[in-house]
Amino acid sequence: MRSSAWFVANYALILGTLRLIGGAKGHRLCSETDYYYEYTECDSTGSRWRVAIPQSPGACTGLPEPVRGTECTFSCEAGEFLEMSAQECTPCAAGSYSLGSGIRFDQWDSMPAGFSSLATSQEYNPRRDERLTCNSSTWVPQGSYLESNRDECTVSLIYAVHLKKQGSVSFEYQYPDNNLLFEFFIQNDQCQEMDQSADTKWLKLTSHGEWATHTVNLKSGTNILYWRTGGVLMMAKGVKPVLLKNVQIEGVAYTSECFPCKPGSLSRVPGSTACDPCPRDTYAGHGASSCTPCNTTTQYAAEGSASCKYRPPCSKKDYFQFHTACDNEGKTQVIYKWIEPKICLDGVTGAEPLPPSGEKDPCPPCNPGFYNNDTATCSPCPPGTFSDGMKPCDRCPAGTEPTLGYEYKWWNVLPANMKTSCFNVGNSKCDGMNGWEVARDHIQSGAGSSDNDYLILNIHIPGFKLPTSMSSHSGTEFGRITFEFEIVCVADCEFYFMMDVNRKSTTVVESWERTKTRQTYTHVMTQNASVSYTWAFQRTNQPSDVRRYVNDVVRIYSISVSNAVDGVASRCRACALSTQPSSSTCVPCPPGHYIDAHTSQCTECPRNTHLVPHATPGPDACKPCGPASKSDKDHSLCYSDCHFTHTEGNVTLTYDLSLLGSVGSLMNGPSFTSKGTKYFHLFKIGLCGGKMAVCTDNVTDLSITDSQREKGEGISAVKTFICQSTIIPATGRGFHTALASQSINLADTLLGVTVASTLDGIRARPELYPQTTKKVPDVNFYYRSLEPTSSCESGRSAVVTLRCNTEQSTKGELTVPSQCPAGTCDGCTFHFLWESSAACPTCTERDYHQIEGACKGGHQDLLYVWTEPKLCVGGLSLPEKKTLPCEGVEFWVRLGAGLGAFTAVLLVSLTCYFWKKNKRLEYKYSRLVISANKECEMPGADSCAVMEGENEGDMEDEIVYTKPSLLGKLKAIASKGNGEHYEHVQLNSSHSKALVWS
């Protein structure tokens with residue numbers, strides 16, 4: 001209260017001073033046009049004062065005195081404003097409107113006062129290249145709406161408002177492209193972000209042409225509103241922008257004036273809360289209370305026009321053709337009609353006339369599963385029956401059941417579960433028009449009203465129902481949609497295929513640009529849910545009042561949906577019969593069982609085979625798993641059990657890969673887009689053990705909990721063997737958390753595990769990695785994704801190469817080739833190298849050897865060590881050290897010394913013996929030579945044979961000449977060394993006394 005009194009006292013002082021100054025100068029008294037009223041700031045008691053503020057200070061004198069104002073929380077009702085002179089609520093005049101305590105922004109010819117657009121500078125721009133900056137990125141006014149940037153720059157639309165009481169903000173938006181990140185958050189005057197849940201912060205995707213409304217509560221005080229966008233451009237194509245309109249803020253204290261109606265709209269009565277658009281062929285200016293009609297003979301005006309336009313002469317772009325429905329005679333014909341609303345003149349010079357209708361032709365047959373019973377319309381076959389569309393409906397034979405679904409290939413009328421529409425974000429010209437037209441053997445995009453119209457075709461499937469025999473299978477496919485189409489364009493047209501699961505959010509499944517030849521696309525539904533599939537065609541995204549590309553068209557020739565719960569049957573398929581005698585009731589087969597065509601009974605697939613969906617019933621439906629892989633218990637997929645064996649020659653290597661972990665991940669990068677945005681590729685690989693990898697999107701999938709996201713239960717979650725997400729860090733983009741988006745499936749089928757460099761047409765490329773000279777071969781895991789894409793007609797594939805590296809930990813390191821930093825060189829085949837010690841084979845006896853220790857104290861140690869380099873892990877452990885008895889060195893020394901001494905003694909003895917023997921022989925030989933050389937006659941036996949001094953025993957010796965033996969020759973050689981030359985004579989004892997010569 002003291003603050004208010006102080007303010008009034010000061011204001012009175014200032015007012016008195018102005019009066020004195022004005023009186024000195026002789027100024028005139030102020031009139032009501034010389035000033036305006038405002039309220040002071042509220043004090044602590046919630047009071048305020050009304051004061052007069054001069055338009056030009058000092059121009060006049062006699063301003064009204066301050067008076068007590070209304071309560072700070074006071075506000076008028078919608079359609080009223082606070083008249084400050086009387087401080088009373090007054091109804092708005094015709095031609096204007098009021099929201100009471102709110103403000104609305106619904107006119108975007110220019111950026112409204114208070115709004116600003118701020119672009120965040122990019123993180124990577126070393127050369128300061130203008131092409132890499134975001135200076136030109138901004139939110140752009142487009143008349144009835146505001147359009148965000150189309151590039152990857154982060155741009156914030158900012159508006160600050162001060163509320164006297166709690167209020168709210170609401171706005172309408174279009175958010176069709178998940179390649180663009182879109183968040184809305186609120187800060188206070190301290191730049192602190194208000195508490196918001198993820199549901200209110202991250203905006204949900206919308207269908208093309210659908211406006212969604214978003215409302216957030218506001219606190220009293222200053223609220224700074226942020227609408228922030230940022231593209232995720234991994235390719236050259238741009239993104240669809242976010243569109244914003246009808247921003248309304250509630251909670252302002254009062255409205256001192258009403259808002260005039262924008263051009264093209266009116267409010268007829270006082271006290272209006274909104275302005276209505278002018279009807280077609282009328283117009284209105286700013287603040288109008290009525291609309292003025294155009295001269296419809298020569299002029300026209302669309303709904304909500306600010307002026308009339310002159311009608312041009314009609315041309316071929318102003319009409320279209322369509323096929324009529326079958327009449328009672330079973331005939332149809334081509335009819336031409338003017339595009340509504342007709343804005344051209346057909347009776348003037350240069351106008352193109354409307355072509356005449358074509359000849360009547362027989363109607364096409366009914367689509368499979370329908371019949372006509374000689375009527376003009378086709379009706380679905382009753383439950384339990386089938387038809388090919390040509391024949392009456394018939395019941396399925398015993399042992400079979402109807403195959404439910406839809407197969408549309410004849411287009412005489414739009415099917416009951418399909419609808420078509422036309423939408424333009426900038427106007428309502430084509431609202432109510434058919435976006436697509438049937439044309440006998442195809443359905444094609446319609447003319448629309450503008451070249452940038454979205455032409456929408458939609459089919460709704462309430463759910464899926466597997467055939468009875470497969471109802472208990474736990475596979476990942478519940479149904480599939482297949483369509484055949486072609487695109488003929490000269491402009492930058494785009495064709496989208498989208499899906500909306502359980503009416504939560506629409507996501508773009510695939511898109512095509514420009515002309516495409518006739519082709520087929522298939523999408524597999526992996527969950528049993530209600531789903532709407534949408535096709536949207538736009539000739540160009542540039543708005544124009546002139547039609548240039550009306551002949552650009554997309555044609556869909558056929559659409560088929562399998563296992564639709566409300567579908568019809570075009571054929572019957574075999575089913576399993578009950579085991580009860582003479583029973584014809586179809587029963588479900590257990591998981592992993594096929595139907596035996598001979599017995600109509602369920603038969604389990606052989607071991608290590610998987611059951612192929614949509615295969616013809618029979619043993620061939622069970623396909624064997626690839627090398628070193630096995631099937632799960634339900635035979636739904638093949639996986640590796642983390643064990644692998646390779647035999648080469650007589651050597652067998654056994655691998656235990658369980659230590660690698662169930663799921664590996666690789667954050668590859670950083671990479672930078674053309675504008676400098678940093679991003680990473682996050683790869684997750686479920687290698688073995690049956691555990692799958694899960695990639696999620698934390699921006700466009702906010703309706704699930706974190707635990708559900710980890711299990712892969714979100715709409716945009718990908719659960720498979722190998723998946724990839726794009727990660728944008730929080731730094732450098734202005735976002736407050738790292739963003740994960742664009743999760744894709746790289747591999748959902750394991751083809752096999754082998755050391756071979758090729759498998760099933762997929763080639764490993766070891767030359768992409770650093771070469772290794774190790775003797776342990778690399779182990780390759782081969783994968784494939786069966787779902788085709790626009791760039792990979794056969795689907796994506798992947799090779800994970802495991803390499804033994806004992807210097808790595810068991811978890812190891814995942815890398816991609818340096819030549820292919822995105823993991824792929826062609827966009828379809830991905831290559832990964834996983835180096836780990838756990839990728840080495842298990843240890844066996846050939847991986848270690850024995851070392852013998854020294855003998856000490858009669859004992860010797862036997863040690864076992866690994867053969868270097870060690871290229872094994874786990875398996876056998878090194879044997880324990882062994883100790884064996886042994887003989888030491890001292891024993892062998894003593895034994896050697898003894899043997900040496902014995903040998904020396906023996907040699908000395910032999911030497912002495914032979915020396916003595918030799919001397920005796922020398923003596924006897926010398927005597928013999930002497931006796932032979934005597935000139936006298938030989939003595940007689942009794943006198944000559946015995947000499948003096950001889951022993952009698954010597955008389956018994958006998959001299960015998962013989963040829964020397966080997967021993968004799970050796971002795972002779974020894975004797976030559978002494979310089980003696982004589983023959984050896986052996987003296988033999990003999991009883992004969994005769995001398996014998998030989």
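What follows is a set of questions and answers on this predicted model.

Q: How many helices and how many strands does the protein have?
A: Let's start with the overall picture of this predicted model. The protein counts 998 residues, and 45% of them are buried. Its secondary structure comes to six helices and 71 strands.

Q: What share of the accessible surface belongs to carbon and sulfur atoms?
A: The accessible surface of the protein is about 51600 Å² in total. The part that belongs to carbon and sulfur atoms is 53%.

Q: What percentage of the contacts with a separation of 6 or more comes from residues 24 or more positions apart?
A: A contact here means heavy atoms within 4.5 Å. Among contacts in the protein with a separation of 6 or more, residues 24 or more positions apart account for 67%.

Q: Is histidine 323 buried or exposed?
A: Histidine 323 sits in strand β24, which covers residues 319–323. Beyond its neighbours within four places in sequence, histidine 323 touches Thr332, Gln333, Val334, Asn412, Val438, Ala439 and Arg440. Its relative accessible area is 16%, and the limit for this class is under 20%. Histidine 323 is therefore buried.

Q: What is the geometry of the aromatic pair of tyrosine 35 and tyrosine 37?
A: The structure holds 40 aromatic pairs. In the one made by tyrosine 35 and tyrosine 37, the ring centres are 5.5 Å apart and the planes make an angle of 75 degrees. Planes over 60 degrees apart fall in one class, so this pair is edge-to-face.

Q: Are tyrosine 35 and tyrosine 37 buried or exposed?
A: Tyrosine 35 has a relative accessibility of 12%. For tyrosine 37 the value is 17%. With the limit at under 20%, both residues are buried.

Q: How far apart are the ring centres of tyrosine 913 and phenylalanine 914?
A: These two residues also form an aromatic pair, and it is edge-to-face, with 70 degrees between the planes. Tyrosine 913 is partly exposed at 49% relative accessibility, and phenylalanine 914 is partly exposed at 36%. Centre to centre, the rings are at 5.2 Å.

Q: Which residues make the nonpolar surface patch of about 520 Å²?
A: One member, phenylalanine 914, lies in helix α4, which spans residues 889–932. A patch residue needs over 30% relative accessible area, and phenylalanine 914 has 36%. The patch is made by Phe902, Leu906, Leu910, Tyr913 and Phe914.

Q: Which residues form the aromatic cluster that includes Trp108?
A: Phenylalanine, tyrosine and tryptophan side chains come together here in one cluster. Its members are Phe105, Trp108, Phe115, Tyr159, Phe171, Tyr173, Tyr175, Phe182, Phe184 and Trp227.

Q: Which ring does arginine 518 lie over?
A: Elsewhere, arginine 48 lies over the face of tyrosine 39, at 4.1 Å from the ring centre. Arginine 518 is placed at 3.6 Å from the centre of its ring, which belongs to tyrosine 557.

Q: How many residues apart in sequence are the parts tied together by aspartate 327 and lysine 360?
A: The search of the whole structure finds eleven salt bridges, and one of them joins the side chains of aspartate 327 and lysine 360 at 3.4 Å, N to O. Aspartate 327 lies in the loop between β24 and β25, while lysine 360 lies in the loop between β26 and β27. Aspartate 327 is partly exposed at 21%, and lysine 360 is partly exposed at 48%. Because they sit in those two loops, the pair ties together parts whose separation in sequence is 33 residues.

Q: Which strands hold glutamate 486 and arginine 555?
A: Their side chains meet in a salt bridge of 3.2 Å, N to O. Glutamate 486 is buried at 16%, whereas arginine 555 is partly exposed at 22%. The pair links distant parts of the chain, 69 residues apart: strand β37 for glutamate 486 and strand β42 for arginine 555.

Q: Which helix holds both glutamate 922 and lysine 919?
A: The two side chains form a salt bridge at 3.9 Å, N to O. Glutamate 922 is buried at 18%, and lysine 919 is partly exposed at 38%. They are three residues apart, about one turn, and both lie in helix α4.

Definitions and conventions. Residues numbered from 1 in each chain as written. Predicted model: local features only at pLDDT ≥ 70, side-chain atom pairs only at ≥ 80, totals over all residues. Heavy atoms only, no water. Patch = residues over 30% accessible without salt bridge, like charges linked within 9 Å, V, L, I, M, F, W, Y side chains within 5 Å. Areas by Shrake-Rupley, 256 points an atom, 1.4 Å probe, with all protein chains shown as cover. Salt bridge = Lys/Arg side-chain N within 4 Å of Asp/Glu carboxyl O. Helix = DSSP H or I, 4+ residues; strand = E, 2+ residues; numbered from the N terminus. Buried < 20%, exposed > 50% of the residue type's maximum accessible area, 1.4 Å probe, protein only. Phe/Tyr/Trp six-rings, centres within 6.5 Å; stacked < 30°, edge-to-face > 60°. Lys NZ or Arg CZ within 6 Å of the ring centre and 35° of its normal.
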